[in-house]
Amino acid sequence: MIDEEPRTGPADVSRSLTDAMERAGVHPAYVHAVRVCGFVYTEENADTLTSEQVDRWNRAMDDWFAEHGE
């Protein structure tokens, strides 16, 4: 029996995901947006997100590009 189960929360999952994204060479704007929003926005999941979530994602992307250019 395991005395203590590992515990992870959204921040841990988000950090693990974004660390993997960085190692895989995903554009840093997307990594930033996941860190800010706590979710990934894709064409496949777009219809499951609220308009507020989409707006938050777009703001995070815009903020990254405003700070870093490209």
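1. The side chain of N45 makes a polar contact with the backbone oxygen of V40 at 2.6 Å. A polar contact here is a pair of N or O atoms within 3.5 Å; within protein, one must be able to donate a hydrogen and the other to accept it, and residues adjacent in sequence count only if both atoms are side-chain atoms. The N45 side chain also reaches the backbone nitrogen of T42, at 2.7 Å.

2. This is a predicted model, in which local features need pLDDT of at least 70 and side-chain atom pairs count only at pLDDT 80 or more, while totals for chains, interfaces and linings use all residues. Residues are numbered from 1 along each chain as its sequence is written, and side-chain values use heavy atoms, with hydrogens and water left out.

3. N45 sits in the loop between α2 (28–37) and α3 (51–68). Helices are DSSP runs (H or I, at least four residues), numbered from the N terminus.

4. The axes of α2 and α3 come within 9 Å and cross at roughly 130°. Axes are lines fitted to C-alpha atoms, for helices over the stretch in contact, and angles run from 0 to 180 degrees between N-to-C directions.

5. The contact (heavy atoms within 4.5 Å) involves P28, A29, Y30, H32, A33, V34, V36 and C37 of α2, and R56, W57, A60, M61, W64 and F65 of α3.

Definitions and conventions: Helix = DSSP H or I, 4+ residues; strand = E, 2+ residues; numbered from the N terminus.
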